Structure formats: structure tokens, C-alpha cells
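I began with surface and fold, then moved on to the interface and its charged pairs.

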Amino acid sequence: MSETTAKTDAGLKEANLMPPVDVIEDANGITLHADLPGVTKDKLTLQVEADTLTIEGEVSFEMPAGMESIHAEVSLPRYRRVFTLSKELDPEKVSAEFHHGVLKLRIPKAEHAQPRRVEVRVA
Amino acid sequence: MMYRTLFPRDMFAELDRLQREMQHAFDLSPNIRGVARGGFPAMNVGSTAASVEVYAFAPGIDPAALDVQIEKGVLTIAGERTSALPGKEDKATAHIDERFSGRFRRVVSLPDDIDPNGVSARYRDGVLHVSIPRREAAQPRRITIQ
């Protein structure tokens, strides 16, 4: 799995925040954690199209009326990050959890790419 | 212990990461209270006539483990976030490691007119929202002309 940095047309038009991620690979698949604070479950969009995984989320948090911003480190209302999945991953079996603003994605490897133990018999 | 792949599959992604890390290393902060940009959690501060609103973007933390304090007009938010990265004994490789882990502490100095007794704090969707009301006397009041 690698990240796609080539911007699409939509990516150029709108500025987005890039959520920090951890990507961990083990023998059976890949686990991705992404920090998306301020995104509610219904404002999170996950898309797998061919070999492209897109994570998008809209930031929404309650603000009292008439609030004036003094200092802002999260200054854009949208997160977006695109990854390219490699061939051995199975995009059909992606599972996702979203809890306290952390997205956990599990992408298992396709059957043929699963590790297999080969028995060595000594004659 | 974590390993990065020796042969990056995407050169541009790798360069982008490098650039980000360089930026992180050289971004010297002029703030006396430490890192202003790129610190964890990221913070937004807003103000209304009646209150000061502080938002800390701290996802993936047990709200009970968050420590929020106000002392002498200084708001401190502290806590700890556990790492999702594999341990030494796990047969796993970390390809990207960007998320913060470990103990954190961030401090905001508040204006003089706040009322520390009326503070409320909520944690929702990974955002800690601390609302600190201003003192009644300090709030703007319209004076009727007779």
C-alpha cells in the first residue's frame, strides 16, 4: 500500500487537512489508523475504487453563536487522504471501525497472498 | 522497534514524508510555552462576549484519562495516548508512523476576566471542548440613555 500524492482535480480546488496515519502490515493484511478528530460517523466517507482508497471527513463541532477565532491550528473543515492499494490486498474485505475520532481500517490480503507453511519432509 | 521499508514503493510519497519531517524538525516556535504548531493535541481557541472556548483535537483517548486543570488563569490539558504500533515481538512492520503517541501536555493562558468556577468540558468525536465563562461584571452591557 502506498500513498498517492498526485493531486486529483478536486484535490487542487479545495484545500484539505492531511490526517496523520499509522500503517502496519502483518502476515495477513494491513491495519491503518487515521486521526480524524471532529468528524462524526455520518460525515466520514471511505471509498475503495479499483486500487485507490480514499478517506474523507468533514470537521464539525459545536460552536457558540458569535464566536470569534483567536488561534486556529485546525483551520480547514475537511480531511482527505488517498492511498493506492497493492495487488495482494483484497479491497472487497475492508472492515472499518470509527471511535473517538480514530478510524481503524483492516485490509486483509487476498487468499493467494496469505502465508503458507510448506512442510519439508526428509526422505 | 519499528522498521521502515527499504525500498519505497512510491518515491513521491516518500519525498513528501521527508519534507514533512524536515519541516517538523526546523519549525522553531516563537512561543515561550513550547511548540505552537504541530504539537499534540492541535488546538483552536475562540472567544465570545460571554466565554472563552478551547478545542483540543485529541482523538483516541479515554475521556477519563484526560486531565484538564485551570490554575492562576492558565488552562492545562494533559494525558497520554497509547501507540498503535506493533511491539518488538509482533511479526508486523510499520510502513507509516505519523500519529502521536505518549504523554502530552498543552497549556493556554486565559484572559483575566474568566470565571474558573463555571468551566465545562466535553469530549466528543475526539475533540475536547472546554468552555470557560467570563465573569458577569466583565461582560459588555448596554447602557440605556434616559
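This is a predicted model: local features need pLDDT of at least 70, side-chain atom pairs count only at pLDDT 80 or more; totals for chains, interfaces and linings use all residues.

**Entry 1: chain B overall.** I looked up the accessible surface of chain B and got about 9,500 Å², with 53% of it on carbon and sulfur atoms. Areas here follow the Shrake-Rupley method with a 1.4 Å probe, and for residues only the protein chains shown count as cover. Residues are numbered from 1 along each chain as its sequence is written, chains are lettered from A and ligands numbered from 1 in the order in which they are written, and side-chain values use heavy atoms, with hydrogens and water left out.

Next I checked the fold: chain B has 1 helix and 8 strands, in the order α-β-β-β-β-β-β-β-β from the N terminus. Helices (H or I, at least four residues) and strands (E, at least two) are DSSP runs, numbered from the N terminus. Of its 146 residues, 36% count as buried (under 20% relative accessible area; exposed is over 50%, partly exposed in between, with a 1.4 Å probe and protein chains only).

**Entry 2: the interface.** How much area do chain A and chain B bury between them? I found about 3,500 Å², 54% of it on carbon and sulfur atoms; this is the accessible area (1.4 Å probe) that two parts lose on being put together, summed over both. Chain A brings 43 residues to the contact and chain B brings 44. I then counted 22 residue pairs in polar contact across the interface, both residues at pLDDT 80 or more. Such a contact is a pair of N or O atoms within 3.5 Å; within protein, one must be able to donate a hydrogen and the other to accept it, and residues adjacent in sequence count only if both atoms are side-chain atoms. On the side of chain A that touches chain B, β2(A) gives the largest share, 6 residues.

I also visited B:Thr48, in the loop between β1 (42-47) and β2 (51-57) of chain B. B:Thr48 is buried at 10% relative accessible area, and its contacts beyond four places in sequence include A:Pro64, A:Met67 and B:Arg134.

**Entry 3: salt bridges.** My search rule was a side-chain nitrogen of Lys or Arg within 4 Å of a carboxyl oxygen of Asp or Glu. The whole structure has 13 salt bridges over all chains, and 7 cross the interface of chain A and chain B. One of these joins B:Arg124 to A:Glu62, with 3.3 Å between the closest N and O atoms.

A:Arg106 is partly exposed at 25%, and A:Asp26 is partly exposed at 24%.

Technical notes. Contact means heavy atoms within 4.5 Å.
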